[in-house]
Amino acid sequence: MFRWLFTAYAQTGFSHAVRDSSWIFAVVEVFHLFSLALLGGTLIVGLLALAELGFRFPQGGALWRSLRLTAVLATGGIITTGIGLVAVNPLKYYWDDAFRYKMGFLALALIALGFAYVRGAAIRSLTSRRLLALLTLTLWLAAGVSGRAIGLL
Amino acid sequence: MSVASVAAVLPDLWQVVYDTSWATAIRESEIVFPVLETIHVLTLALIAGTISIVDLRLLGLVLKDEPAAEIERRIVPATWAGFAVMVITGALLLGSEAAKLEHNPAFLIKLVLLVLAGSNVIFFQFFAHPKLAGLEPGRPAPPVARISAGLSLAIWAGVIAAGRAVAYYH
């Protein structure tokens with residue numbers, strides 16, 4: 001469906017630069033991991049608070065708002081560096097099953113995180129909040145495991 | 001035992017570990033090694049992430065309305081649990097690749113950085129932690145805590161970078 005997009009991306013100057021460089025991919029990969037780490041920390045704190053496990057959950061989701069900086073930096077970093085990593089061989093990624101799973105899980109994880117961020121505080125039932133926290137964390141873990149599988153399969 | 005004699009024995013130890021049956025089994029398995037590696041990488045990201053949140057709070061960049069000591073107290077158990085998983089998976093991965101990692105500069109840098117991270121935790125516990133008790137929400141952390149937090153962020157960024165570089169020196 002998006003083959004044209006990946007084909008066009010492979011013909012960009014940036015994609016050529018990543019392919020021809022011995023260090024650009026490695027540097028982008030490290031920043032991808034930095035973003036992943038920051039996201040991991042943000043999710044642990046934010047979702048534990050949403051589930052009222054250890055953290056209190058201030059009315060109106062003040063804790064989530066306070067984590068906006070790391071949430072935006074981490075999510076933006078993961079997406080930006082992820083697009084950078086794909087540049088090394090866009091069509092290979094296009095045909096990679098693990099990559100497709102990762103994109104699917106990533107899209108669902110972003111929706112779940114967005115919902116938890118925007119609407120989480122308004123959910124009165126603790127059980128529902130805990131289920132939402134568990135679902136969000138599971139989706140991000142699935143995206144992470146699929147991402148790791150790209151390099152292994 | 002002198003330093004020279006310890007240094008002479010170390011390469012043999014790497015080889016002995018590398019040749020054990022469990023190390024060979026992990027190395028030759030198509031499933032176990034990648035699964036351990038995936039758990040190790042994800043756990044490292046979670047540990048570095050939770051530590052980063054504490055560090056960023058101490059630097060006054062996030063969770064400013066939450067008491068710093070409370071944030072640290074809540075997050076540290078999760079960090080230690082993750083650390084235990086990371087050490088176990090790391091030890092198993094190290095054993096299976098011991099003979100190859102012995103001369104890997106990125107791996108040696110990662111080990112040094114992990115020692116520095118541990119030293120920074122001890123420094124924080126002795127010099128910064130006592131000053132956090134009673135610190136009101138919204139108040140900046142004392143300079144010694146902010147210095148330790150800045151060092152922590154830099155060291156863990158280094159651990160991640162060195163950890164990833166291990167594969168490039170294989």
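Biologist: Why are helix 8 of chain A and helix 3 of chain B called oblique to each other?

Modeller: Bear in mind that this is a predicted model. The axes of helix 8 (residues 126-152) of chain A and helix 3 of chain B cross at roughly 130° and come within 10 Å. Angles over 145 degrees count as roughly antiparallel and 65 to 115 as roughly perpendicular, the rest as oblique once those under 35 are set aside as roughly parallel. The two helices are therefore oblique to each other. Their crossing is right-handed.

Biologist: Which residues make that contact?

Modeller: Helix 8 of chain A brings Gly144(A), Val145(A), Arg148(A) and Leu152(A), and helix 3 of chain B brings Pro34(B), Thr38(B), Val41(B) and Leu42(B). By class, they are 5 nonpolar, 2 polar and 1 charged, with Gly counted as polar.

Biologist: What makes helix 6 of chain B roughly antiparallel to helix 7 of chain B?

Modeller: Helix 6 (residues 105-132) and helix 7 (residues 143-168) of chain B pack at about 160°, with axes 9 Å apart. Over 145 degrees counts as roughly antiparallel, so helix 6 of chain B gets that label against helix 7 of chain B. The residues of this contact divide into 21 nonpolar, 5 polar and 2 charged.

Biologist: Which helix of chain B gives the largest share of the side that touches chain A?

Modeller: Helix 3 of chain B, with 12 residues. In total, 25 residues of chain B are in contact with 26 residues of chain A. The chain B side divides into 17 nonpolar, 4 polar and 4 charged residues.

Key: Residues are numbered from 1 along each chain as its sequence is written. Chains are lettered from A and ligands numbered from 1 in the order in which they are written. This is a predicted model: local features need pLDDT of at least 70, side-chain atom pairs count only at pLDDT 80 or more; totals for chains, interfaces and linings use all residues. Axes are lines fitted to C-alpha atoms, for helices over the stretch in contact, and angles run from 0 to 180 degrees between N-to-C directions. Helices (H or I, at least four residues) and strands (E, at least two) are DSSP runs, numbered from the N terminus. Two residues are in contact if their C-beta atoms, placed from the backbone, lie within 7 Å. A crossing is left-handed if the near helix is turned anticlockwise from the far one by less than a right angle, and right-handed if clockwise.
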